[in-house]
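My entries follow the display.

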Amino acid sequence: MGNYLEENYDVVIVGAGHAGCEAALACARLGLETIMFTVSVESIALMPCNPNIGGSSKGHLVRELDALGGEMGKNIDKTFIQSKMLNSSKGPAVHSLRAQADKSEYSRQMRRTLENTEHLTIRQAEVADILTDEDKNITGVKTFSGAVYHCRAVVLCTGTYLKARCIYGDVSSYTGPNGLQAANHLTDALKRLGIEIRRFKTGTPARVDRRSIDFSKMEEQFGDKRIVPFSFTTNPEDIQKEQVSCYLTYTNEKTHKIIRDNLDRSPLYSGKIEGTGPRYCPSIEDKVVRFADKDRHQVFVEPEGNYTNEMYLGGMSSSLPEDVQYAMYRTVPGLENVKIVRNAYAIEYDCINPVELKASLEFKNVHGLFSGGQINGSSGYEEAAVQGLIAGINAAMKLLGREPLILDRSEAYIGVLIDDLVTKESSEPYRMMTSRAEYRLLLRQDNADLRLSAKGHEIGLISDERYAKVEEKRKEIDAEIKRLSSVMIGGTSEVTEFLARHNSTALNNGVSLADLIKRPELDYEAIAELDKDRKPLPWDVIEQVNINIKYQGYIERELRQVEHFKKLEKKLIPEDIDYDEVGSLRLEARQKLKNFKPRSIGQASRISGVSPADITVLLVYLESRR
Amino acid sequence: MESRETIAAIATGMGNAGIGIVRISGDDAVAVADRVFKGKNNKKLTNSRSHMAHYGHIYDGEELIDEALVLVMKAPNTYTREDVVEIDCHGGAYVTRRILELVLKNGARAAEPGEFTKRAFLNGRIDLAQAEAVIDVINAKNNYALKSSVSMLNGKLSTEIKKIREELIYNIAFIEAALDDPEHISLDNFVDKLDNFVDKWINAVDKLLTSVDNGKIFTEGVRTVILGKPNAGKSSLLNTLLGEERAIVTDIAGTTRDTLEEQINVHGIILKLIDTAGIRQTEDIVEKLGVDKSRRFAKDADLIIYVVDSSTELDDNDMDIISMINEGVAGKVIVLLNKSDLAARTTENDIKSYIDCPVINISAKEQEGIDELEKKLEEMFLGGELSYNDEIMITRARQKDALRRAKESLELVKDGIAMAVPEDLLTIDLMNGYEELGKIIGESVEEDLVNEIFSKFCMGK
């Protein structure tokens, strides 16, 4: 097939899911001529699995993305139908926002944003080949129809579409999610570039008709009374609205028996599925087998949107045959007469091995080729979005001749996520968890703006005005903490009476107001009556003041750990290092280091198989080279 | 790794009687020393000029430990280019170790093998050639330390640590699972349960600390193997050495009969006899030489005492032993020509034609030549040819340090619970405790937590 179409762009984005949208917007907003390919324009920002954004640690990712100038937070603020702050009874580090989305509205809204962004072109076509020169510098892409798009950087955001195969029972079809067309040609092109291809799998539960559900047998789950937005730019007052409910019900022994009796018909257990699935989001058949002692599992029934009757059966993803699906769902209270609209299915897809990527998400061996999202072996919309944003930003930085944006583990969950992906070899789809973040007390969702706006501003995705506001907020916080630490109060009768009223120990000697805030039974608001000089402050400033004072001891300890951590992160390893020249390295460590090419001593120390002794050897070698 | 934490170690060889030196290096070196040292004029070391020696006493709280000479050397003109304090004490190995432990309790961390030199290098004090020589040592020692720290642990104690760690990680994982999946897993009333667990763990760690102090975890001494063909006189030698008037016989708890170890105190030098069970029971050490275990003991020992029956000619059994020694052993070899009371068929020259080592004529039966053996041992020891395996003491100090830190972390958890601190903050100290205990049995953390969460708790979506 001859070329009959040729166009020139700066950046090509392959895919228009959550990663692709962020990558495309970042590049275009930074002024680069950007073209985004999708197999179907209708599937832009599609949510093919759960109908929500955020959740534990994922909420953090969205906040961070927002502080860097990404779109997901703004988009869900416009399209949510229920919102909840999870873990609000726990420490501030694990408070996490989660919103139910109106799925089609979410897609439509994102599409509108993309379509109205300058320098951004949307094109429906399947990218079939990646073009490079002989030094493996990106020169363009070729579509299945033979058209060539010249460019200097490509960002791969193919999600689960590469050679996708959907399976339930013995039925399987080579399609992407929701029966959409798979991308069947790009894998071979990647292999030709020397990129390792792996096969992962994931799954989704059935969607059922709302009219066939008896909600009276379920527990209704409401949204929060006071809605907190995802985006720091959204005014909370603008989004207080009527919310829809979700419902909770449970599986039982009958459900489990049906599943056990039909395990031989499950492609998971009969070996029809070869891909590696995640442990954290197991199918219901996995749960029943692995946690045999549990007599019930939760099922969350969640609306897919305001204008559809489809409901999502959270917790019951499956790849059992459709007759078994019907039988098992109908054992669940409230679902006795349920009608399935879309079957549950498992999906297998090709993905790359992210240890072949630099922390900038550029391939180490193909220059100008970036990759973000589920193709990197992650799972989840939010994980995908933040990678898309970082990959997009760094493609732009490369073309603009600027330094890449690399966040480390002490700066952001995004840093933890990407460092884990590119450093630790994972054999299953990677999901963000708060327990993966060593410094989570510092990486709170409430302070993402304070942590990252400066970076977003420097990149060029956060406006001067927005940045100035954040800095103003920082100043107010610091000043208020200083003031509270210096205002001393003594054991006057007023104070004694106040403390007695709050079941708080009486004072023996003078303490600062900050000391009082630290007491578990008190906080900033509670001591207002003792604090005569207090000036009114915005709620988000008060929130920071309260947290910083209350958890000061823990925060300071983490800050000291971070200081230690940073020292090793800052010791960069030159890209041209020859590990064969480093004496005394153990063989395993030498091979690992050659493969990974870690950028810093810190990263090297996290590679499994590289021991502390190897790190010492490496440190000594680097010092001697100076 | 590259931290500037203040570190401490015993700088002298372990066994040498007389002066022992505890060296401290780092920003807090002087402050740490001040906490344990009372100078003659009650002067604080902090106010000392650099490179000054101070006479005074080392105290653990109110308890006097030893008199000492303390040398304060301030950065940068020191070995590590950091502040360095050296405590010279007089009380021999035990007191030196006590002082090291005291220093660790007061803010220093036990130095890794080679860490002083590493700092010296990284701070630009020594050049690469010197440093590379050290690296080999670090590598060897790191491997050894890990092996030995685990192998020296008595099985029961490492089982105990593993048990605490298993419970710890289970509880941490439970909290984490609940935080990551609050809608599936609830933390209601969990803290009360946790509080009970923490009490139990602190209790268990306390017991371990006591047993380290009592020396039940491992024994120290020159690891010694006695070799010789049947009837060469190993048993009588052993009995002579173990003679009531100068022997300390220790039955180490938790070890089984067949790996019984015994200690002999020779003029203050402790010989730890390995694999003596065989000698006493069957005299079949030569046959057992074929067995890997005995061969390994002999190969790794600090000292081999090879007993030759001088009244017979060297036979196949002897040649086996000689060739094993000549293949290379880690320690020193002394040959005892036993049965000097009988007519000699094998002489000192016969032995020396095969092995280059000291040869002593003895008669175990008549108790002759034993003095000469003891003198030889003392000579070798003071000359540094023979020494205690210092890793054992260092490891012991390090393990005690880790246990103490684990306990501190657990106490912080208790405090946190009392202060109604949220669960996600409690996990910080729980995890620290888990890590410290892991150091003792040589296990790293890596993906433990994530694996535990996934394997024990049903996470949903």
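I began with B:F174 and B:F190 and found both buried (under 20% relative accessible area with a 1.4 Å probe, protein chains only; exposed is over 50%, partly exposed in between).

I noted that this is a predicted model, where local features need pLDDT of at least 70, side-chain atom pairs count only at pLDDT 80 or more, and totals for chains, interfaces and linings use all residues. Residues are numbered from 1 along each chain as its sequence is written, chains are lettered from A and ligands numbered from 1 in the order written, and side-chain values use heavy atoms, without hydrogens and water.

Rings of Phe, Tyr and Trp (its six-membered ring) pair if their centres lie within 6.5 Å; planes under 30 degrees apart are stacked, over 60 edge-to-face, the rest tilted.

I checked A:F37 and A:Y149: they pair edge-to-face, at 4.9 Å centre to centre and 75° between the planes. A:F37 lies in strand β3 and A:Y149 in strand β10 of chain A, so the pair ties together parts 112 residues apart in sequence. Strands are DSSP runs (E, at least two residues), as are helices (H or I, at least four), numbered from the N terminus. A:F37 is buried at 2% relative accessibility, and A:Y149 is buried at 1%.

I also noted that A:Y9, A:F37 and A:Y149 form one aromatic cluster.

Last, I looked up charges over rings (NZ of Lys or CZ of Arg within 6 Å of the ring centre and within 35 degrees of the ring normal). The charged end of A:R534 is over the ring of A:Y524, 3.6 Å from its centre. For B:R23 over B:F116 I wrote down 5.6 Å.
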